Amino acid sequence: MHNRSILILVCLLFGLGLLTACTLFGISASTAIPGASTVGPVIPPSPRNTDGADTRAIPGGEYMLGSSTSDTLAQPAEQPAHKVTLTGFNIYTYEVTNQMYKACADAGACLPVSNLRKDLADYYNGNAYTQYPVVGVDWSMAKTYCEWAGGRLPTEAEWEASARGTDARI
């Protein structure tokens with residue numbers, strides 16, 4: 001089985017319309033967390049997302065983004081490699097499922113995928129696919145879902161830092 005992070009990144013890069021993650025409750029480095037040490041990275045507080053999704057805390061700090069000029073597989077828009085400083089945030093561990101997205105649509109906050117893409121109606125509504133990642137969701141729909149769930153979409157830098165980790169994986 002492929003590493004889930006790589007699969008998510010590939011799907012995002014190829015524009016398959018996967019709603020893969022929401023970012024919850026980003027905090028600034030100056031935010032005091034009761035009982036937290038002032039030494040080391042700032043860890044965001046536990047999120048209070050309404051959909052119950054499993055999340056991972058991404059500590060604030062410096063991350064390498066982009067690709068080096070020596071990377072022959074890199075596209076010009078990915079270069080040069082550069083450091084960014086991010087505040088701590090939480091990001092979903094797994095993709096948003098059909099069941100999770102359908103709960104938002106049933107609540108009247110999100111547009112149902114099957115209304116927009118008839119070719120996805122069986123996949124979206126079928127009981128066999130409730131735990132599969134939702135597809136056919138555009139940026140606006142993903143943004144609405146994340147807001148409904150109590151968060152927001154991650155920025156490009158947050159997304160890449162989450163996928164690459166602190167060791168700057170490709």
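Tutor: A nonpolar core is a set of buried Ala, Val, Leu, Ile, Met, Phe, Trp, Tyr and Cys residues joined through side-chain atoms within 4.5 Å. Keep in mind that this is a predicted model.
Student: OK, which residues touch the most other members of the largest nonpolar core?
Tutor: They are Y92, V96, Y101, V113, V134, V137 and Y145, out of 20 residues in that core. The elements that contribute two or more residues to this core are α2 and α5.
Student: What does the second core include?
Tutor: The second core is separate and has ten residues, among them Y63, L65, F89 and A157.
Student: Back to α5. Which of the residues in that helix are buried?
Tutor: Helix α5 covers residues 139–148, and M141, A142, Y145 and C146 are buried there.
Student: Where do they sit around the axis?
Tutor: They are on the same side of α5, because the arc they cover around the axis is only 135°.
Student: Why would residues a few places apart in a helix point the same way?
Tutor: An α-helix has 3.6 residues a turn, so residues three or four places apart point the same way.
Student: What caps the N-terminal end of α5?
Tutor: D138 does, with a side-chain oxygen 3.1 Å from the backbone nitrogen of S140.
Student: And what comes just after α5?
Tutor: G150 is found there, with a positive phi of about 95°.
Student: New topic, charges. How many salt bridges are there in the whole structure?
Tutor: A search finds six salt bridges. In general, side chains of opposite charge can pair when their charged atoms come close.
Student: What does K102 form a salt bridge with?
Tutor: K102 pairs with D106, and the closest N and O atoms are 3.9 Å apart. K102 and D106 are separated by about one helical turn, because they are four residues apart in helix α2, residues 98–106.
Student: How accessible are they?
Tutor: K102 is partly exposed, with 28% relative accessibility. D106 is exposed, with a relative accessible area of 59%.
Student: Which residue does D54 meet in a salt bridge?
Tutor: The side chain of D54 meets that of R56, at 3.4 Å from N to O. D54 is partly exposed at 36% relative accessibility, and R56 is also partly exposed, at 43%.
Student: Last one, disulfides. How many are counted?
Tutor: The count comes to one disulfide. C104 and C110 form it, and their sulfur atoms are 1.9 Å apart.
Student: Is that link right-handed or left-handed?
Tutor: The link of C104 and C110 is right-handed, with 70° about the S-S bond.
Student: And are the two cysteines buried or exposed?
Tutor: C104 is buried, with a relative accessible area of 0%. C110 is buried too, with a relative accessible area of 6%. The cut-off for buried is under 20%.

Technical notes. Residues are numbered from 1 along each chain as its sequence is written. This is a predicted model: local features need pLDDT of at least 70, side-chain atom pairs count only at pLDDT 80 or more; totals for chains, interfaces and linings use all residues. Side-chain values use heavy atoms; hydrogens and water are left out. Buried means under 20% relative accessible area, exposed over 50%, partly exposed in between (1.4 Å probe, protein chains only). The arc is that of the directions from the helix axis to the C-beta atoms. A polar contact is a pair of N or O atoms within 3.5 Å; within protein, one must be able to donate a hydrogen and the other to accept it, and residues adjacent in sequence count only if both atoms are side-chain atoms. A salt bridge is a side-chain nitrogen of Lys or Arg within 4 Å of a carboxyl oxygen of Asp or Glu. A disulfide is a pair of cysteine sulfur atoms within 2.5 Å.
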